[in-house]
Amino acid sequence: MNISIENLNKIYTNGNWALKDINLEIPNGMFGLLGPNGAGKSSLMRILVTLMKPSSGKVTVNGRYDLMKNRREIRAMLGYLPQDFRFFAKLKTWEFLDYTARLAGMKNKVQRQEAVDRMLEEVGLFEARDRNANRLSGGMKRRLGIAQALINDPKIIIVDEPTTGLDPEERIRFRNLLSNISTRDVIIILSTHIVGDISSTCENVALLNRGKLAFTGSPSDLVREAEGKVWLIQATEKEYLEINDKFPVITTIPSDYGWEMQVVADEINGYDGRLIEPNLEHAYVYFMEKKLNQWTSA
Ligand code: ADP
């Protein structure tokens with residue numbers, strides 16, 4: 001599978017320019033779409049799942065299907081788990097899944113029932129199949145959301161803000177479920193503003209900031225960009241406020257000196273500090289700040 005995005009723009013009718021000339025290749029496997037709120041992630045997702053048209057630009061799937069011209073073919077390949085996935089009351093878990101399978105065009109009742117049972121097993125909800133869907137726990141609801149997105153054996157799976165509202169155990173479970181699926185011939189796009197959601201699972205990531213593509217590549221490429229830019233500073237009480245003013249601060253912990261602060265900066269002119277190995281979180285902050293400053297000073 002492959003999605004190719006060329007010169008994509010989205011300008012809302014009120015003039016909000018949500019996507020600015022996006023060029024992006026999305027290959028097989030798990031793809032992380034990362035950016036702060038308002039970056040344009042949902043706009044891009046809504047375009048990819050054919051719920052909204054771009055203002056200009058082109059999206060091609062497998063070099064063959066044009067998102068604007070082959071909507072039916074592309075819809076048949078899609079599974080979508082929106083951020084605010086909800087279902088109506090009074091349906092049992094299996095009934096809800098059966099209903100979405102019917103919506104997805106699975107007409108044969110026996111085949112549909114098999115698919116529903118298989119899916120319930122896969123997401124660990126078989127035991128809860130007769131429970132009312134709206135009485136499932138948060139994590140179980142999320143898994144039912146994934147089940148409805150996967151019931152039609154989609155080739156492109158789009159998941160918005162995957163772990164919002166999940167406890168740590170459920171997050172891990174959810175992540176494992178997705179990485180199992182990503183070994184098939186599929187694309188899974190995870191859209192999130194939480195760096196930790198994507199670090200361990202995604203082969204490729206894209207950073208969006210204010211509608212622009214700030215970076216695309218592997219997570220380790222992203223980390224490499226921040227090498228030589230992340231510092232650990234020993235700050236006195238007095239320096240603490242100054243440093244907060246001057247640099248993006250990632251973490252602050254109390255120390256014998258006063259404070260131990262991790263900051264991103266090209267240099268820390270005069271403060272008592274040393275360079276440390278960056279991680280993905282550092283790189284994300286570095287990138288957002290760097291791009292932000294480039295734009296505002298341009
Ligand atoms: P994200 O999902 O990364 O938070 P969005 O795609 O929701 O970002 O938003 C990108 C930009 O587009 C923001 O400035 C937002 O205010 C704007 N926007 C989103 N949806 C609409 C809309 N329906 N009408 C006008 N502007 C919108």
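**Close-up views of the domains and the ligand site**

**Figure 1. Division of the protein into domain 1 and domain 2.** The protein is divided into domain 1, which spans residues 3–217, and domain 2, which spans residues 224–297, and the model shown here and in the following views is a predicted one. Taken over C-alpha atoms, the centres of domain 1 and domain 2 are separated by 35 Å.

**Figure 2. The interface between domain 1 and domain 2.** On the side of domain 1, 14 residues are in contact with 10 residues of domain 2. The two domains bury about 1,100 Å² between them, and 77% of this area lies on carbon and sulfur atoms. Within the area that domain 1 buries against domain 2, 43% is supplied by V195, N209 and R210, which is more than any other three residues supply.

**Figure 3. The shell of residues around the ligand.** There are 13 residues around the ligand, of which N16, G38, K41, S42 and S43 come nearest. Sorted by class, the shell comprises four nonpolar, seven polar and two charged residues. Helix α1, formed by residues 41–48, gives the most to this shell, contributing four residues.

Figure 4. Of the 570 Å² of accessible area that the ligand has on its own, the protein covers 64%.

Technical notes:
Residues numbered from 1 in each chain as written. Predicted model: local features only at pLDDT ≥ 70, side-chain atom pairs only at ≥ 80, totals over all residues. Heavy atoms only, no water. Near = heavy atom within 4 Å. Areas by Shrake-Rupley, 256 points an atom, 1.4 Å probe, with all protein chains shown as cover. Helix = DSSP H or I, 4+ residues; strand = E, 2+ residues; numbered from the N terminus. Nonpolar A, V, L, I, M, F, W, Y, C, P; charged D, E, K, R; others polar. Domains from an automatic or database assignment. Contact = heavy atoms within 4.5 Å. Buried area = accessible area lost by both parts, 1.4 Å probe.
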